[in-house]
Amino acid sequence: MFTDETLETVGTESSWRKSNQSEHDSRGCQTVPLETAETGAQAVRSSECGTQTEPEEPLTGQYLPDCGDLPDPPGLMDFLQRVEETVVKELVKNARSHAFDGFQVNWEERHDTVSCVHRLHHRDAQDRGLQASCLSWSCTGSVIACGFGRVDDGDWSTERAFVCTWNLERRGMDPGRPDLVIDTASPVMCLAFHPSQPSRIAGGLYSGEVVVWDTSRSQDLILAQTGMSEDAHRDPVYQVHWVPAGRRGEWAVLSGGSGGRVMLWSVGEDGRLALSSGYALLRQQLPHSGTLGKVRGSGCVGVTSLALSPWDPDVFLVGSEGGLLLKCSFSARTPAATATRVTSEGEGVALLAPARFSFSPRCGPVHTLHCSPFHRNLFLSAGTDGLAHLHSLLQPDPLLSLRVCDSYVFAVRWSPTRPLLFAAATAQGTVQIFQLDQRSLRPVASIDQATGGRPTYCLEFNPQQPGLLASGSADGSVHVWRLSAELTEQEPRETAQLEQLANELAE
């Protein structure tokens, strides 16, 4: 039926595999070469034209007749001969008059009112409740620096603070964003710009450190500092000033603190302030005036204010925590009855007793002193009694006392342009401006800081723009006021009136 059978194999070659294989061919092409051409054109024609106006004839020949042949008006010659002697006499009197001596013409726009032109603040300082404790204007008058701290309460030993600067002439200046913010390890008590280098600022801290910053640096702004060495202050530094050093063109930093020391520092190149001389105010070495009497005790006199005389470079004034007011001398040679201070370099600096004269003491701390820029013997003092006292360097008792407010007075400053004018900052939040004449003892202007009655701790006149007055308040704000022309323009013979007032009050 069925049997196995083997047949031959039949195969066919696949054609679809070859058809699906990709074929690769190379092709090429060449564009026609681009043709380029350059052409130029040059104008070959030029023309010039000009015109000349004819000279005009003098107007006098057109409108005025020739008066050479006309007779003089009747009576003219007699009148001129009659008044000649009187006119010449008045001209000679005017040439010899001193009515306008010291008068400076002010070409700026007059302002009849006091207006606030800037309200500066630092948000971080206000958020932490820090207060504007001190102010200083740069020597150019364009930059203002404010030191922040806490005057009334708080843990001063550990609280950090700031130094802020604003350039008021910079375009787009933001009052709420300082141009520069410097962090400090403790509250700032005082500031002073360098008299000729606007980038340098000296400051005193609550910790006792004295620091000099250089704002022109890009990173580390501290140019020099005292640190916590043996020769440094150990108590709050309430005042710093720049004073001329022995070498020409150099300046030193004068500092005074509540520890009873007044120290003179030279700025070294190694980043440190080197102690060049020191003064100690001890009760047993104070001079005795008729009103002061004998001072009991042997402790130090804490310094709360310093003032330099612009007339005598050897004189400086000191106000104390206990109300003492002293006239001191840089050239003192009497050793202080205390141990010699040793500097960080190991050299001994003998402390001297600088007090030469004692004024009548006040009933509380002397917060502020300022010497008159127009009279060599007059200065102002103020403190906790609410009075501004006008003193003479030649007698112990005040020449005049004006009631500023019913609370503390924290700052007084003479006007840089008005010899009879000064401003005072009060604990009631106002700035009072007085004029020293015999017509009235009431302020001629009162500036409300609008701080809700919180104190005003500091104020400074602008040295280059006397019409600007800055004040710092307890709410951490700095107001810059533009004063009216009446408060800035010097009146005729005002300097002579100040001299006369001083002589009359001294009698």
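Guide: Let's settle one cut-off before we start: a residue is called buried under 20% relative accessible area, exposed over 50%, and partly exposed in between. Arg 119 comes out at 38%, so we call this residue partly exposed. Bear in mind that this is a predicted model.

Now to the pairs. Side chains of opposite charge can pair when their charged atoms come close. To count here, a side-chain nitrogen of Lys or Arg has to sit within 4 Å of a carboxyl oxygen of Asp or Glu. By that rule you get 8 salt bridges.

Start with Arg 119, whose side chain meets that of Asp 475 in a salt bridge, 3.5 Å from N to O. Arg 119 belongs to strand S1 (residues 115-121), while Asp 475 lies in the loop between strand S29 (468-473) and strand S30 (477-482), so this pair ties together parts that are 356 residues apart in sequence. As for accessibility, Asp 475 has 16% and counts as buried, whereas Arg 119, as we said, is partly exposed.

Next, look at Asp 385 and Arg 362, whose side chains form a salt bridge at 4.0 Å, N to O. Asp 385 is in the loop between strand S21 (378-383) and strand S22 (387-392), and Arg 362 is in the loop between strand S19 (355-358) and strand S20 (366-371), so the pair ties together parts that are 23 residues apart in sequence. Here both partners are tucked away: Asp 385 counts as buried at 17% relative accessibility, and Arg 362 counts as buried at 17% too.

Then there's Arg 170 with Asp 179, another salt bridge between side chains, this time at 2.7 Å from N to O. Arg 170 is partly exposed, with 37% relative accessibility. Asp 179 is also partly exposed, with 34%.

Arg 418, Glu 491 and Glu 494 are linked in a network of salt bridges.

S6 and strand S7 (residues 200-205) run antiparallel and are joined by 5 bridges.

How values were computed: Residues numbered from 1 in each chain as written. Predicted model: local features only at pLDDT ≥ 70, side-chain atom pairs only at ≥ 80, totals over all residues. Heavy atoms only, no water. Pairing = 2+ DSSP bridges. Helix = DSSP H or I, 4+ residues; strand = E, 2+ residues; numbered from the N terminus. Buried < 20%, exposed > 50% of the residue type's maximum accessible area, 1.4 Å probe, protein only.
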